[in-house]
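Student: Please take me through the helix packing in this model. I would like a close look at the core and the helix pairs around it.

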Amino acid sequence: MNKKIVPFRQRRLDWLFVAFFLLNFFFITYVVDLEQLVINNPLQYRQPFWPPASMVNMIHSYGTTYDPLLMARPQWWKQTIWLDVLFYGPFYAIAIYAFLRGREWIRLPAIFYSGMLFADVFIILGEEIAGPHASPHLGIVAALNLPWLLLPLALTARMWRDHPFSQEESVKPVQVISPNLNAS
């Protein structure tokens with residue numbers, strides 16, 4: 001039996017993963033997370049070239065209102081941000097391509113990424129719940145972080161198969177039509 005890549009338009013669940021990768025690549029990693037690296041102290045800073053001031057204001061408003069950990073930026077937190085910017089960001093770009101084109105070599109990197117992301121978010125939520133920078137609005141912060149716990153689990157389940165983007169293609173036997181040699 002031969003394997004045939006199932007077109008992306010027919011892999012509806014993969015639309016969710018691609019949307020997640022796009023959100024992370026274009027907003028979370030290179031706007032929200034990058035802001036936390038280029039602005040060391042959110043209470044006293046000069047506006048950087050990137051991210052735009054409107055995004056910085058939105059991030060700081062969210063952090064001030066809901067997420068003191070985002071505003072505190074302890075060193076361990078910054079390390080998770082560096083992982084995001086240096087490793088997850090490029091992964092998102094590669095994963096978007098791989099999922100759209102049905103490239104099965106993304107399988108093991110996706111499983112590895114899922115485990116790392118789940119661990120990062122699990123640790124961050126521990127701080128949000130009971131750390132020195134615990135959130136006064138835990139329900140909102142937990143709800144906003146929930147996709148980063150659940151999607152890695154779903155991605156691991158999706159990539160667990162040896163061939164997540166293909167299906168068996170049955171080969172139909174070729175019917176040979178022999179010419180009638182006795183015809184005149």
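Tutor: A caution before the details: the model is predicted.

Start with the core. The largest nonpolar core holds 35 residues. Those with the most contacts inside it are F21, F91, F99, I106, Y113, L117 and L155. Five helices each give at least two residues to this core: α1 (12-38), α3 (68-72), α4 (75-101), α5 (107-130) and α7 (147-159). The largest share is that of α4, with 10 residues.

Now take I106, one of the residues with the most contacts in the core. Beyond four places in sequence, I106 touches F91, I94, A95, A98, F99, M159 and F165. Two of these partners, F91 and F99, are also listed among the residues with the most contacts inside the core.

Next comes the pairing of α4 with α5. Their axes come within 12 Å and cross at roughly 155°. An angle over 145 degrees counts as roughly antiparallel, so α4 is roughly antiparallel to α5. The crossing of α4 and α5 is left-handed. On the α4 side, the contact uses W76, W77, T80, L83, Y88, F91 and Y92. On the α5 side, the residues are P109, A110, Y113, M116, L117, D120, I123, I124 and E127. By class, this contact divides into 13 nonpolar, 1 polar and 2 charged residues. F91, Y113 and L117 take part in this contact, and the three are also among the residues with the most contacts in the core.

The second pair is α1 with α2 (residues 53-65). Here the axes come within 10 Å and cross at roughly 75°. Angles from 65 to 115 degrees count as roughly perpendicular, and α1 and α2 are therefore roughly perpendicular to each other. From α1, the contact draws on F27, V31, V32 and E35. From α2 come M55, V56, M58, I59 and H60. The residues of this contact divide into 7 nonpolar, 1 polar and 1 charged.

Last, the loop residue. H133 lies in the loop between α5 and α6 (138-145). Its relative accessible area is 26%. Buried would need under 20% and exposed over 50%, so H133 is partly exposed. Leaving aside neighbours within four places in sequence, H133 contacts P68, L69, A72, P74, E127 and E128. One of these, E127, also belongs to the contact of α5 with α4. H133 and I28 are 105 residues apart in sequence, and their C-alpha atoms are 21 Å apart in space.

Notes:
Residues are numbered from 1 along each chain as its sequence is written. This is a predicted model: local features need pLDDT of at least 70, side-chain atom pairs count only at pLDDT 80 or more; totals for chains, interfaces and linings use all residues. Side-chain values use heavy atoms; hydrogens and water are left out. A nonpolar core is a set of buried Ala, Val, Leu, Ile, Met, Phe, Trp, Tyr and Cys residues joined through side-chain atoms within 4.5 Å. Buried means under 20% relative accessible area, exposed over 50%, partly exposed in between (1.4 Å probe, protein chains only). Helices (H or I, at least four residues) and strands (E, at least two) are DSSP runs, numbered from the N terminus. Contact means heavy atoms within 4.5 Å. Axes are lines fitted to C-alpha atoms, for helices over the stretch in contact, and angles run from 0 to 180 degrees between N-to-C directions. Angles under 35 degrees count as roughly parallel, over 145 as roughly antiparallel, 65 to 115 as roughly perpendicular and the rest as oblique. Ala, Val, Leu, Ile, Met, Phe, Trp, Tyr, Cys and Pro count as nonpolar, Asp, Glu, Lys and Arg as charged, and the others, Gly among them, as polar. A crossing is left-handed if the near helix is turned anticlockwise from the far one by less than a right angle, and right-handed if clockwise.
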